[in-house]
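Subject: Two-chain model, handover and notes

Hello,

Here is the structure I said I would pass on.

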Amino acid sequence: MEERLLMKGNEALAEAAIRAGCRCFFGYPITPQNEIPEYMAKRMPQVGGVFLQAESEVSAINMVYGAAGAGVRAMTSSSSPGISLKQEGISYMAGAELPCVVVNVMRAGPGLGGIQAAQGDYFQATKGGGHGDYYTLVLAPGSVQEMMDLTFDAFDLADKYRNPVLILCDAILGQMMEPVELKDEFITQLQPKPWATVGAKGREPNVINSFYVSAEEQEEHNIKLFTKYQRMRNEEVRVETWRMEDAEIALVAYGTVSRIAKAAVELMRQEGIKAGLIRPITLFPFPEKTIHDLAFNVKAFSVIEMSMGQLVEDVRLAVKGVAPVKFYGTTGGRLPTPESIFQKAYELMNELTRGENGCYEKIIR
Amino acid sequence: MAAMKRLFGRPEALRDVPTHYCPGCPHGIVHRLIAEVIDELEIREKTIGIAPVGCAVLAYNYFNCDMQEAAHGRASAVATGIKRALPDSIVFSYQGDGDLASIGTAEIVHAAARGENITVIFINNAIYGMTGGQMAPTTLVGQRTTTCPDGRDPRLAGFPIRISEMLATLDGAVYIARASVHNISHLLKAKRCIKTAFQVQLNGEGFAMVEVLCACPTNWGLSAPEAMKWVEKNMIPYYPLWEIKPLLKEGVVRD
């Protein structure tokens with residue numbers, strides 16, 4: 001049975017975590033993610049779980065390390081500057097192969113930045129983020145419903161791969177309210193975790209560790225990790241393609257921007273421009289194949305992001321020069337509008353088709 | 001002839017493996033004291049230890065119980081995560097002076113302030129051993145290290161931290177003791193302190209820590225016997241021994 005509710009993104013995410021069996025939450029206040037720890041402070045005691053406000057982001061992620069190593073589903077959340085502080089622990093957890101969920105409700109940067117929505121942490125999220133050779137799985141919700149659904153999946157993926165999973169959203173997705181279908185599902189039984197440190201009763205001791213004394217052992221370990229990341233690439237890619245069947249121009253955007261891009265696609269279609277949208281839902285693994293395959297069908301890509309050209313690099317790598325890829329971004333917490341996306345896409349198409357058929361000339365405003 | 005009674009042997013909580021510690025290093029002694037206490041309290045199968053970054057980073061190879069290796073300074077945060085997740089387990093962290101009293105000060109202060117029901121063993125040898133003998137937060141004034149080659153000058157590098165006294169001011173800290181293992185009588189007292197610190201956790205009383213003054217012959221540039229004497233002559237006067245916060249809450253039995 002499903003319940004239909006009006007919820008804030010941050011709260012929907014927190015409730016989904018509870019229902020997904022998360023029983024330890026360690027966090028630290030930072031805007032715009034405060035509703036998550038606040039919700040957890042209220043909700044965790046009701047389900048016999050742990051909420052603890054840590055003394056810092058660094059401590060919070062290391063508490064997650066301890067709890068995850070003890071076999072419990074654990075989570076922390078923060079926003080951009082706080083996520084930088086958590087990178088130490090995320091790297092250790094990737095190295096020690098511990099499952100956890102980390103939520104980044106992105107704000108502007110660099111430095112302290114502003115509290116408005118931004119997507120400037122794309123590189124940090126998708127290229128490892130901390131030190132060393134590793135990746136985290138990155139999920140990018142585009143609605144409050146997805147904040148909920150992807151959180152459910154995040155815990156399963158973390159356990160499946162014994163790897164940190166990042167939920168990369170932004171201030172708008174965290175703060176806005178939308179109706180959601182709340183699944184009446186509570187996960188109470190987890191797959192056994194025979195590697196966890198729960199006390200060596202009747203068995204040899206378990207060790208949670210990311211330290212390798214010899215280069216050979218470290219290399220062997222890293223290769224094993226990368227085999228796992230390859231499996232993610234093979235099995236976990238998620239992408240939405242929308243109105244791409246006959247599209248001549250593909251907009252590429254994730255998260256909040258993808259919603260604005262959809263409105264831009266509608267505008268373009270009204271004006272006779274065959275536009276469509278590719279929305280990566282997993283940012284790592286990146287939907288390279290989908291984008292590469294579609295590159296043969298379209299005249300150009302327009303990549304729209306709330307950052308100064310981060311997502312566009314992955315799109316270019318995926319397109320492999322098959323079609324032109326143009327970047328349009330806003331930064332500092334400013335949003336693109338459907339009209340500005342339309343205008344950029346229009347200019348691009350006009351430039352590409354000028355002299356061929358001039359079909360876009362007539363709609364210059 | 002009747003079967004001989006076993007009077008001395010390797011504790012079950014210590015693995016039968018050689019350690020990597022330098023000759024004369026007291027880490028092995030302290031490991032053994034902890035292992036003996038774990039055996040005596042019969043808690044090995046529910047104990048989870050946390051190894052630090054520093055010379056004791058490989059402690060997970062030596063203790064015969066479940067272990068986690070923490071990031072530098074974060075052992076008490078990791079301990080908090082484990083203990084909160086598994087309240088019935090026994091959790092101890094083993095941390096050096098750089099780990100606990102420098103990079104991990106926030107973690108240890110707040111674990112103590114919250115009264116986390118964990119046991120912390122704090123090894124103070126007044127130097128960074130693993131990295132080759134740099135100045136520690138507990139390096140004594142005038143003591144030479146590779147990063148204070150003319151001796152620690154308080155005008156440049158401040159004063160050594162008495163972290164046990166600091167933590168003892170916190171309401172959540174139930175038991176704080178400082179011990180030394182430079183001779184047998186002190187070693188036996190150190191063991192009693194360690195046992196009390198585990199007992200505090202078993203009783204659910206809150207945060208307990210034992211600071212153990214240790215020698216580092218290799219990085220101090222002394223022989224093992226000289227280093228033990230150096231502890232007595234130079235460290236103990238600055239870091240006074242015994243129970244800094246012996247005032248246990250009612251109901252806690254002292255050994």
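The notes below cover the interface, the sheets and some local features.

This is a predicted model, in which local features need pLDDT of at least 70 and side-chain atom pairs count only at pLDDT 80 or more, while totals for chains, interfaces and linings use all residues. Residues are numbered from 1 along each chain as its sequence is written, chains are lettered from A and ligands numbered from 1 in the order in which they are written, and side-chain values use heavy atoms, with hydrogens and water left out.

Interface between the chains

In chain A, 33 residues are in contact with 33 residues of chain B, contact being heavy atoms within 4.5 Å. The size of an interface is often given as the accessible area lost when the parts come together. Here the buried area is about 2,500 Å², with 58% of it from carbon and sulfur atoms; buried area is the accessible area (1.4 Å probe) that two parts lose on being put together, summed over both. On the chain A side, the residues that lose the most area to chain B are A:E55, A:P205 and A:F211, which together make up 19% of what that side buries.

Between chain A and chain B there are four salt bridges, a salt bridge being a side-chain nitrogen of Lys or Arg within 4 Å of a carboxyl oxygen of Asp or Glu. One of them joins the side chains of A:K201 and B:E45, at 3.9 Å from N to O.

Which elements of chain A give two or more residues to the side that touches chain B? They are β2 (24–27), β3 (50–53), α3 (57–69), α4 (80–96) and β9 (207–208), where helices (H or I, at least four residues) and strands (E, at least two) are DSSP runs numbered from the N terminus. α3(A) gives the most, with eight residues. By class, this side of chain A has 19 nonpolar, nine polar and five charged residues. Ala, Val, Leu, Ile, Met, Phe, Trp, Tyr, Cys and Pro count as nonpolar, Asp, Glu, Lys and Arg as charged, and the others, Gly among them, as polar.

A sheet across both chains

β9(A) is joined by two bridges to β2 (66–69) of chain B, and the two strands run parallel; strands pair if DSSP finds at least two bridges between them. In this pairing A:V207 stands opposite B:M67. The open sheet has eight strands with mixed pairing, in the order β9(A)-β2(B)-β1(B)-β3(B)-β4(B)-β6(B)-β5(B)-β7(B). Its edge strands are β9 of chain A and β7 (242–245) of chain B.

Within chain B, β3 (90–96) and β4 (119–124) run parallel and are joined by five bridges, and B:Y94 has B:I121 as its bridge partner in β4(B). Helix α7 (184–202) of chain B packs on the sheet, touching β3, β4, β5 (173–180), β6 and β7 of chain B, at about 165 degrees to β5(B). For such angles, axes are lines fitted to C-alpha atoms, for helices over the stretch in contact, and angles run from 0 to 180 degrees between N-to-C directions. Helix α1 (27–41) of chain B lies across β1 (47–51), β3, β4 and β6 (207–213) of chain B, running at about 170 degrees to β3(B).

The sheet of chain A

Chain A has an open sheet of seven strands with mixed pairing, in the order β3-β2-β4-β5-β7-β6-β13. The edge strands are β3 and β13 (282–284), and the twist averages 20 degrees from one strand to the next.

Local features in chain A

Over all chains the structure holds 40 salt bridges. Among them is A:K224 with A:E97, at 2.7 Å between the closest N and O atoms. The two residues are 127 apart in the chain, A:K224 in helix α8 (215–235) and A:E97 in the loop between α4 and β5 (100–106).

The peptide bond from A:T31 to A:P32 is cis, with omega near 10 degrees; A:P32 is in the loop between β2 and α2 (35–43). Another cis bond joins A:F284 and A:P285, with omega about -5 degrees, and A:P285 lies in the loop between β13 and α10 (288–295).

Regards
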